[in-house]
Amino acid sequence: MTGAASSGAERHYRALESLYASAPVNALFSSHLEITGEGASRITFDVTEEVYHAAGAAHGTIYFKMLDDAGFYAANTFVTDRFLLTTSFNLHFTKPVRVGQVVAEGRWVSGRKRVFVAESRLVDAEGDEIGRGTGTFMRSHIPLSSLPGYLADV
């Protein structure tokens, strides 16, 4: 990648990180997105008792949210003009999680035009995988530049 292309990609990555931080839903979670490269994302977040179900572990909505976001942002690294939408997501729970830091890692798998496929996994503080998922994402009609959180000049 040339210097100009690299800096353009880096600006897009930082703008996606800004978009994540600006989403109102993310004010509900102690989380941080990092775009680690083309087709790759990493979200760190803290699980607290506020997100527990009645049996004392994190509710599945937390798994879905973080896995979906990690896959979505990994795929959106390839799209600089449009917001992607999740069209389907398959999720597997492998271990309950309680209080602690969890990392969601997203990785683009295929697609570069209209539909994108990405995988993601959740890893707890002990390094154990606690969940994984695969999602499909498609281009919307929403320009990224129209979203106030997408700050391309970051």
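This report describes the salt bridges of a predicted model.

## Basis of the values

In this predicted model, local features need pLDDT of at least 70 and side-chain atom pairs count only at pLDDT 80 or more, whereas totals for chains, interfaces and linings use all residues. Residues are numbered from 1 along each chain as its sequence is written, and side-chain values use heavy atoms, with hydrogens and water left out.

## Salt bridges and their network

The whole structure contains 11 salt bridges, the term standing for a side-chain nitrogen of Lys or Arg within 4 Å of a carboxyl oxygen of Asp or Glu. A network of salt bridges links Arg42, Glu105, Arg121, Glu129 and Arg132. Within it, Arg132 and Glu129 pair through their side chains at 2.6 Å, N to O; Arg132 is partly exposed at 34% relative accessible area, and Glu129 is partly exposed at 24% (buried means under 20% relative accessible area, exposed over 50%, and partly exposed in between, with a 1.4 Å probe and protein chains only).

## A pair within a helix

Lys65 and Asp69 form a salt bridge with an N to O distance of 2.2 Å, and both residues are buried. They lie four residues apart in helix α2 (residues 60–76), about one turn of the helix; helices (H or I, at least four residues) and strands (E, at least two) are DSSP runs, numbered from the N terminus.

## A pair between strands

Glu119 forms a salt bridge with Arg107, their closest N and O atoms being 2.4 Å apart. Because Glu119 belongs to strand β5 (residues 115–123) and Arg107 to strand β4 (residues 100–110), the pair ties together parts that are 12 residues apart in sequence. Glu119 is partly exposed, at 26% relative accessible area, and Arg107 is also partly exposed, at 45%.
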